Amino acid sequence: MESVPLFWRRLILLIPLTAGGSLAWGQNVPRATVVEDETPRRATVVEDDDVPRAIPVGPDGRPLSSRPTANQPTGPEEDLFSYAGLLYERGEYALALHSFGEYLNLYPRGRHLETVLFRVGECYVKLGDEAQSAPYFETVVERYPDSEGAPSAAYRLAAIHFNRREFREAVKFFRFCESHTQVPQVRLAAAYHRSRAHQMLGDGAGQEEALLSVAAVTDGNPFREDALLQLAKMAMAADDLDRALKLYQELAAAPETKDPVRAEALINAGVIEAERGHQDEAVALFEKGLKIPSAEPGSRAIALVGVLQALYDKGDYDGVIDHYTRNATVLPEGAARGKMLLLVGNAYRMKKIYSRSVELYLMVEQDYPETEAAFEAGYWKLYCFYLLDDPDLAEFAGAFLNRWAKQHPEHEFTAKAALIRADFYFNRAEYTEAASAFQDIPMDALPEALQPNALFNMGYSLLEAKRDQEAISTYTRFLEAFPNNELRSNALAQRGLAYRHVQDLANARRDFEMVDEEFPKSPAAELALYQLGLVSGEENNAEAKKAAFQALVNRFPKSQAVPQAWYEIGSACYELEQWDAAEDALERAIRLDPEAYTDSGYQLLIVCHYAEEDAEGLAKTIDAFLKRKPEGLVPPNILGWLGLTFFSKEDYPDCARFLKMAVTPDAPQDTQPVLWNYLGMSEVEEGEYAPAIIALEHYLDATPQPGPERGKALLFRSRAELGLKKFARATETADEALQFIKTGRLQAELLLHEGDILFVQGEEAQAQANGDAAQQKFRAAAAKYIIPSQFFVDPEITPLAIWKTQRALEKAGDKSRAQQMQDLLKEKYPDYQPPTD
């Protein structure tokens with residue numbers, strides 16, 4: 001520990017040894033003022049002129065230490081101390097400082113040491129050098145804490161630290177002063193200013209404790225009024241409205257309360273009553289405060305706004321408008337006026353007088369452009385345009401956001417304005433613009449009640465704008481944030497659609513199945529079943545596809561999708577080769593929506609009948625299809641199969657009918673030759689000889705190589721030529737065939753046919769009464785018939801050839817040989833019945 005003399009030397013070095021410099025410091029000495037930090041009231045640390053110092057004084061006001069006493073020592077120390085004290089009391093602080101410095105230098109252990117140290121500090125304060133004073137005050141407090149001067153020194157130190165913004169040190173020394181002073185006024189001042197230091201530190205508990213100690217002193221307390229006011233404000237800030245109201249009421253009722261403070265207390269009490277919903281009480285308090293002439297302009301403005309706000313909160317919109325009209329000439333200027341205009345605009349808006357409210361909102365925006373009222377007015381103006389369904393709403397919303405969004409990025413009004421713009425596009429199905437607008441909304445800033453719909457509509461817009469991955473993310477966010485929302489089923493269904501669009505079929509199926517399981521009777525389930533059917537189709541899962549669409553028609557029989565569902569069921573059953581079920585479902589689809597499914601439904605129905613080789617059903621289906629749609633097209637291969645099937649059943653009319661649909665007369669080379677062949681043969685059987693020849697010619701042109709099929713086509717062409725009585729051409733055609741058909745049934749048929757040509761010629765000659773010619777033709781015919789009758793054994797051809805030979809011989813007049821042939825026929829084929837034609 002350093003020696004006492006060294007300590008004092010260090011302090012002495014701080015004292016100027018010449019009076020000249022110190023006198024300059026003493027000019028215009030400022031008061032020791034606690035600086036403000038954006039606090040509502042100025043806090044001034046009182047000087048010792050205002051509050052008695054903690055130094056004992058006598059009746060004459062002189063410090064007891066400077067008054068002569070009977071047994072007071074004398075000598076150089078006492079003389080120097082008295083001289084310095086005299087200079088100090090005369091206000092000659094620089095000279096006093098010098099003398100006190102000499103005392104400290106000469107008498108480091110003198111009996112007046114604590115007083116001298118305090119006076120040195122005071123001299124520095126008076127000379128405006130608080131920094132130099134602090135070490136002396138600290139020495140008094142630390143070395144002589146129980147001395148009479150310690151509380152005053154602590155008070156001085158607290159003020160110095162406060163002004164340096166060293167608030168923790170200020171609290172420490174104010175608290176020391178409180179606990180050590182014997183002067184009530186000093187204790188009150190220290191406690192009050194300690195509350196301010198606590199406030200600067202953000203120490204609400206410490207501030208409250210200090211203020212409560214001040215407010216507890218009711219008599220002769222100049223700080224009590226402000227302490228109560230500050231306590232009331234703190235209670236309001238802590239949302240302890242009961243306590244705040246009680247304190248304001250106490251202030252307003254106290255007779256010693258100054259009128260401006262009384263007005264403030266009344267008005268703030270009105271604010272509390274308004275917040276509690278006691279609007280009538282609030283209005284009464286506001287009006288009472290307004291009647292105090294000396295009420296501060298700020299308080300008066302709050303009261304005027306408060307009256308309007310209270311009337312507005314009561315729903316008395318006419319009262320708001322009337323009060324504004326009556327006080328229009330005395331409204332305060334500044335932000336309060338803008339707030340009042342805003343409230344009046346809101347009142348007109350609530351009365352649905354939108355044009356007037358827009359006018360007032362514009363006034364607020366123009367006259368108070370940088371205020372919160374302007375921001376709020378801008379939003380409500382936009383809202384009015386929204387209610388009016390203004391066609392330029394999106395432009396107005398954009399202007400509002402451009403003006404305010406950067407200043408208030410997370411404000412509810414910013415979010416709502418962005419929502420208004422997004423809804424504008426959404427309601428007009430302009431989903432590309434809507435999607436971008438929804439993404440500009442700060443969703444967390446929207447009221448919770450609006451967030452689900454906004455987020456859902458954003459997902460819907462993104463989906464419609466084909467931004468599927470973003471739609472998936474948005475719907476996922478919706479489902480996680482609002483798992484029990486009423487739109488959950490729709491969100492799952494819409495997300496499933498987005499997954500399907502990006503071919504994530506597994507997740508799509510998961511979402512649709514969740515909808516079906518959780519909401520089986522909802523409209524979303526209808527969509528989900530429909531989509532499940534389509535997803536199953538894309539997965540080539542016919543069973544699942546059938547099950548989904550079957551569930552749709554069973555559960556939602558009135559759904560607009562039922563016709564398509566039946567069609568898809570038919571398609572699935574076709575894949576599963578469940579022909580009857582497929583046909584039933586497709587017929588239902590066609591019946592329910594013929595416009596949509598006449599073509600596709602019949603086409604698939606045709607394929608079903610074709611696949612199960614149901615010629616009769618296929619024919620009926622094709623007929624029904626073409627009846628509904630005469631220009632309809634049936635696959636040529638199906639028509640060809642059907643025609644050939646009917647030919648095999650000897651149903652030549654239907655064969656010809658369907659083969660005519662299958663062939664392409666304008667481009668015969670585009671038709672399979674076999675179809676031309678069977679068309680021609682069926683037409684021959686039906687006696688349509690001329691078109692038969694054309695059809696057979698197309699076949700023959702496409703099949704130049706000799707062979708059985710060409711031979712058969714030549715036979716039928718010859719038959720057609722015979723039908724047209726082109727005997728020479730018919731014979732020539734048959735001979736051509738016999739050039740390469742040398743054996744077998746076809747040769748026998750050709751020989752019989754050549755006999756038929758001759759037989760018909762004989763009948764022609766007989767009809768013309770040319771008997772010789774007729775007999776010649778009949779004998780020639782018999783010669784053709786007898787060859788297959790003798791050399792070809794066939795249960796059909798042989799008896800026919802014998803019978804034709806018999807008939808031709810009879811016509812030629814050769815009864816004997818004719819009888820031989822008849823006997824042969826009875827012998828060999830006793831049950832044979834000749835043709836009737």
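# Helix packing in a predicted model

Q: Leaving aside neighbours within four places in sequence, which residues is Phe438 in contact with?
A: In this predicted model, Phe438 is in contact with Leu419, Ala422, Asp423, Phe426, Met443, Ala454, Asn457, Met458 and Ser461, once its neighbours within four places in sequence are set aside.

Q: And where is the place of Phe438?
A: Phe438 belongs to helix α22, which covers residues 431–439.

Q: Why does Phe438 count as buried?
A: Its relative accessible area is 0%, and because buried means under 20%, Phe438 falls in that class.

Q: How far apart are Phe438 and Ser461, in sequence and in space?
A: Phe438 and Ser461 are 23 residues apart in sequence, while their C-alpha atoms are 8.4 Å apart in space.

Q: OK, let's zoom out. How many helices and strands does the protein have?
A: The protein has 42 helices and zero strands. Its radius of gyration is 60 Å, well over the 28 Å that the globule rule gives for 837 residues, so the protein is more spread out than a compact globule.

Q: What box do the C-alpha atoms fill, then?
A: Taken along the principal axes, the box filled by the C-alpha atoms is roughly 200 × 70 × 45 Å.

Q: What share of the residues is buried?
A: Buried residues account for 51% of the 837 residues in the protein. As for the surface, the protein exposes about 40000 Å², and carbon and sulfur atoms supply 50% of that area.

Q: What about contacts between residues at least 6 apart in sequence: what share joins residues at least 24 apart?
A: Within that set of contacts, 53% join residues at least 24 apart in sequence.

Q: Switching to charge: how many positive and negative side chains are there?
A: There are 88 positive and 129 negative side chains in the protein, and the centres of these two sets lie 2 Å apart.

Q: Next, aromatics. How many aromatic pairs does a search of the whole structure find?
A: The search finds 38 aromatic pairs. In one of them, the rings of Phe456 and Tyr475 have their centres 5.5 Å apart and their planes at 65 degrees, so this pair is edge-to-face.

Q: Which helices do Phe456 and Tyr475 lie in?
A: Phe456 lies in helix α23 (residues 451–464) and Tyr475 in helix α24 (residues 468–481), so the pair ties together parts that are 19 residues apart in sequence.

Q: Are Phe456 and Tyr475 buried or exposed?
A: Both Phe456 and Tyr475 are buried. Phe456 also has a ring pair with Phe478, with centres 6.0 Å apart and planes at 65 degrees, so that pair is edge-to-face too. Phe478 is in helix α24 while Phe456 is in helix α23, so this pair ties together parts that are 22 residues apart in sequence. Both Phe456 and Phe478 are buried.

Q: Which residues do ring pairs link into a cluster?
A: The cluster linked by ring pairs consists of Phe375, Tyr379, Trp380, Tyr383, Tyr386, Phe400, Trp404 and Phe413.

Q: On to the backbone. What is phi of Arg165 near?
A: Phi of Arg165 is near 65 degrees, which is a positive value in a residue other than glycine. Arg165 sits in the loop between α7 (150–163) and α8 (167–180), and with a relative accessibility of 40% it counts as partly exposed.

Q: And phi of Lys352, what is that near?
A: For Lys352, phi is near 65 degrees, again a positive value in a residue other than glycine. Lys352 is in the loop between α17 (335–350) and α18 (354–367), and at 60% relative accessibility it counts as exposed.

Q: Now Asp516: which helix is it found in?
A: Asp516 is part of helix α26, residues 505–518. Its relative accessible area is 21%, and Asp516 is partly exposed; the cut-off for buried is under 20%.

Q: What does Asp516 touch, not counting residues up to four places away in sequence?
A: Asp516 touches Leu529 and Arg555. The C-alpha atoms of Asp516 and Ala493, which are 23 residues apart along the chain, are separated by 9.5 Å.

Q: Last one: where is Ile569 found?
A: Ile569 is in helix α29, residues 562–575, and at 2% relative accessibility it counts as buried. Apart from neighbours within four places in sequence, Ile569 is in contact with Lys546, Phe549, Gln550, Val553 and Ala585.

Q: By how many Å are the C-alpha atoms of Ile569 and Asp240 separated?
A: They are separated by 69 Å, with Ile569 and Asp240 lying 329 residues apart along the chain.

How values were computed. Residues are numbered from 1 along each chain as its sequence is written. This is a predicted model: local features need pLDDT of at least 70, side-chain atom pairs count only at pLDDT 80 or more; totals for chains, interfaces and linings use all residues. Side-chain values use heavy atoms; hydrogens and water are left out. Helices (H or I, at least four residues) and strands (E, at least two) are DSSP runs, numbered from the N terminus. The radius of gyration is taken over C-alpha atoms; the globule rule is 2.2 Å times the number of residues to the power 0.38. Buried means under 20% relative accessible area, exposed over 50%, partly exposed in between (1.4 Å probe, protein chains only). Contact means heavy atoms within 4.5 Å. Accessible areas come from the Shrake-Rupley method with a 1.4 Å probe; for residues, only the protein chains shown count as cover. Lys and Arg count as positive and Asp and Glu as negative; His and the chain ends are not counted. The place of a charge is taken as NZ of Lys, CZ of Arg, CG of Asp or CD of Glu. Rings of Phe, Tyr and Trp (its six-membered ring) pair if their centres lie within 6.5 Å; planes under 30 degrees apart count as stacked, over 60 as edge-to-face and the rest as tilted.
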